[in-house]
Each structure stands twice: as structure tokens, then as C-alpha cells.
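Keep the 3D view open as you read.

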Amino acid sequence: MNGRELQQKGKVMPFSFNHVYGPTYSQLRIFEGVKDLILSVLHGYNVCIISYGQTGSGKTHTMRGGEGEAAGLIPRAVTFLFENRKRLEDLDWSFQFAASFLEVYNDSCFDLLSTPPRAKREVKYMNKAFVVEGLTEEPITDANNLTSLLRKSDGNRSTAATKCNDESSRSHAIFALSVKGTNKTTGEEEEEKGAKINCTLKLVDLAGSERAKESGVVGDRFIEMTHINTALSNLQSCIRSILSKRWATNLNKKGLETVARTLQKFEADDSAAGFTRRREQVYGKERKDTVMLSLSPQLTALNETKRTLEFGKNLSHTHIGAAKKKET
């Protein structure tokens, strides 16, 4: 990998992306690249940032990170939104934040903030939206509030050691920050015409792709790997369908059911129109989305790096509609 080019067997493959961050870049530098996108949540937009890449490439470090300067996007985003919430108070805006943390492990969903821990949850598609029944939403009154919630979710998430990664995440994790805002002076009649926003920031840490030969997984780890790779493969199939504008026409009934089950077990409908409605809701129609690709610098990971870059290239050419404010 040299700059924005991948060289393999004498062949040079150029790739073009909005930003490229080297291995020496700080967590702060990476956050600076997406903070304007995150800020748009307070302006009434749904926002989603997805971390994608092979196992051991740094996805969880980017999203969750560690303490202090090593903090990742999740704690930095919440702190940043609290800081900007105070600035908007001068314009008579008030905001309420609430956090949830969902894990998708072997095609099942678990609540990482529940008591007792890791309660299993069902996901249903109702009224053109996905609803996770019983998912815990914890109010956040200040940035410090988040610290205990993240420690709780860290202890509940599924991880295991493989040859590729000593602390491999064996699941997909979705952190969601619900943002509700009200401006008291916008309308003529208080309580009735004040401007309101109701939107969500989602930060998604996808489990990393891996190969059994390299990771050396067996038993339960092999089953996990199979579920992870199937989910990522289905995600790629959906993106390719959107890119080619064939929607569901390149998926047979069995394939459609597999994609539907992977995308949190919503009730699939065999028609292309029905699949399109669900696809648009999942992949961000009327929402601002970005994907952060994590790449391993190791030469032995070159094939996975190529696959990750090609996936990102397809994503960058995929159009799913303009973002719209969630304001009333």
C-alpha cells in the first residue's frame, strides 16, 4: 500500500477516498475528519458512521478506543455534542440525549446495557422502521455519564482470541445516541409550534472478516466466523444491487431470506418493491452516512486489504437519496 495505491504482483490499483489516515495518526485527528458530520445531528439529521475491515485492523479501537488521548469516536462524539449543545442553548434550543448499545451475535440480538446483562432482543419492522423491542435506552445528562455505560457494554460484548487478533470482536455492535431537541421561541404558540427535532447518531463497529486458515479458528470460533463472513457478504451483495440498480432482482428467494435474516431478522417480503423499502431504511435513505475502512499494514493481509478497498469503492459510488432533516 503506497498512499492511495495498492500494488500486488506488479499491478498498481488506484483508489480514491475522501480522507486517508496513516498508522501514526492520532485518535483526535481521525475524529476531526468526521466531527462536522456528527454535529449535523444537532441540526436535525440522522447520521450513521460504520467501521468496516478485516479482523485485527483497528475497527473497535477507532470506534471505542481507550482512555484519555486513546478515546475513540463514541466517547469523543458524545463529549463533542454536549459541548455544542451548550452553545445552542443561547438560541433557546434544549436537547435530551439517550444511549443504547445493541450487539448482533450469530444472527441474534443482545442488549449490552440491560439488567440482567445481555438480554436477548427481537427486531421487528413496523411502520416503515426497525424497532428493537425492549432495548435499554439510558438517559445521558453529561459526558461523564457515558463512561460507566461504555464499561458496562465492554464487559458484555462477545470477544475471543484468534491467531489474527488477541481480542477479536465476535459480533457487530451498534451504539445509538437518540437526540431530541426543542426550540421554545420558534413558534407563535408555546408548546404547539416550537421547532422540534428527533434524530439518531449511530456508530457501528462491524465484526471483522477473516479466513479460517489464517485465524486458526475451530469449534465455536469457527461458527462465529461463518456468521460474521456471511453477514458481511450479504452486506456487499446489497450494496452491489443498489449500485447496479437491480435492487433484489439478482437475489433468488433463498438469498433474499438470508439477507433479511442477517439484517436483524426483519420479516422479509418476496417482492422487489418490499425489499427496496427495507433496504432504503437500513442503508440510510434520508440519512447522512459514511464508512471508515480499517486496513492492516501487514503484507500477509494484502488480499483482505484489496477486498476492503473494493468494497469501499463500491460504496462511494452508491447513491441512496439525499439526507433530510427530521424536524417538525
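The protein chain folds into 10 helices and 14 strands; here helices (H or I, at least four residues) and strands (E, at least two) are DSSP runs, numbered from the N terminus. What you're looking at is a predicted model, where local features need pLDDT of at least 70 and side-chain atom pairs count only at pLDDT 80 or more, while totals for chains, interfaces and linings use all residues. Residues are numbered from 1 along each chain as its sequence is written, and side-chain values use heavy atoms, with hydrogens and water left out.

Of the chain's 328 residues, 47% count as buried, where buried means under 20% relative accessible area, exposed over 50% and partly exposed in between (1.4 Å probe, protein chains only). The accessible surface comes to about 17400 Å², with 48% of it belonging to carbon and sulfur atoms; these areas come from the Shrake-Rupley method with a 1.4 Å probe, and for residues only the protein chains shown count as cover. Take the contacts (heavy atoms within 4.5 Å) between residues at least 6 apart in sequence: 68% of them join residues at least 24 apart.

Now for the inside. The largest nonpolar core has 40 residues, and those with the most contacts inside it are Ile-38, Ile-49, Phe-97, Phe-175, Leu-177 and Leu-201. A nonpolar core is a set of buried Ala, Val, Leu, Ile, Met, Phe, Trp, Tyr and Cys residues joined through side-chain atoms within 4.5 Å. Several elements each supply at least two residues of this core, including β3 (47–53), β4 (93–105), α5 (143–156) and β12 (172–183). Helix α4 gives the most, with eight residues. Apart from this core lies another, of 17 residues, among them Tyr-125, Ala-207, Ile-228 and Phe-311.

Why call α4 largely enclosed by the rest of the structure? Because 12 of its 16 residues are buried; among them are Leu-73, Ile-74, Leu-81, Phe-82 and Arg-85. The helix covers residues 73–88, and at 1.5 Å a residue it should span 22 Å, which agrees with the 22 Å between its end C-alpha atoms. That expected span is 1.5 Å times one less than the number of residues. Phe-97 touches Leu-81, Phe-82 and Arg-85, and its other contacts include Leu-42, Pro-139 and Leu-177, not counting residues up to four places away in sequence.

Next, the rings. The whole structure holds eight aromatic pairs. Rings of Phe, Tyr and Trp (its six-membered ring) pair if their centres lie within 6.5 Å; planes under 30 degrees apart count as stacked, over 60 as edge-to-face and the rest as tilted. Tyr-21 and Tyr-25 have ring centres 5.9 Å apart and planes at 80 degrees, so this pair is edge-to-face. Tyr-21 is partly exposed at 27% relative accessible area, and Tyr-25 is partly exposed at 32%. Trp-93 and Phe-95 form a stacked pair, 5.7 Å centre to centre with 15 degrees between the planes. Trp-93 is buried at 17%, as is Phe-95 at 7%.

Some rings have a charge over them, meaning that NZ of Lys or CZ of Arg is within 6 Å of the ring centre and within 35 degrees of the ring normal. Arg-118 lies over the face of Phe-110, 4.3 Å from the ring centre, and Lys-288 lies over the face of Tyr-45 at 4.2 Å.

Finally, find Ser-294 in strand β14 (residues 288–294). Ser-294 counts as buried because its relative accessibility is 9%. Leaving out residues up to four places away in sequence, Ser-294 touches Ser-51, Tyr-52, Gly-53, Gln-54, Ser-57, Gly-58, Lys-59, Thr-62 and Thr-308.
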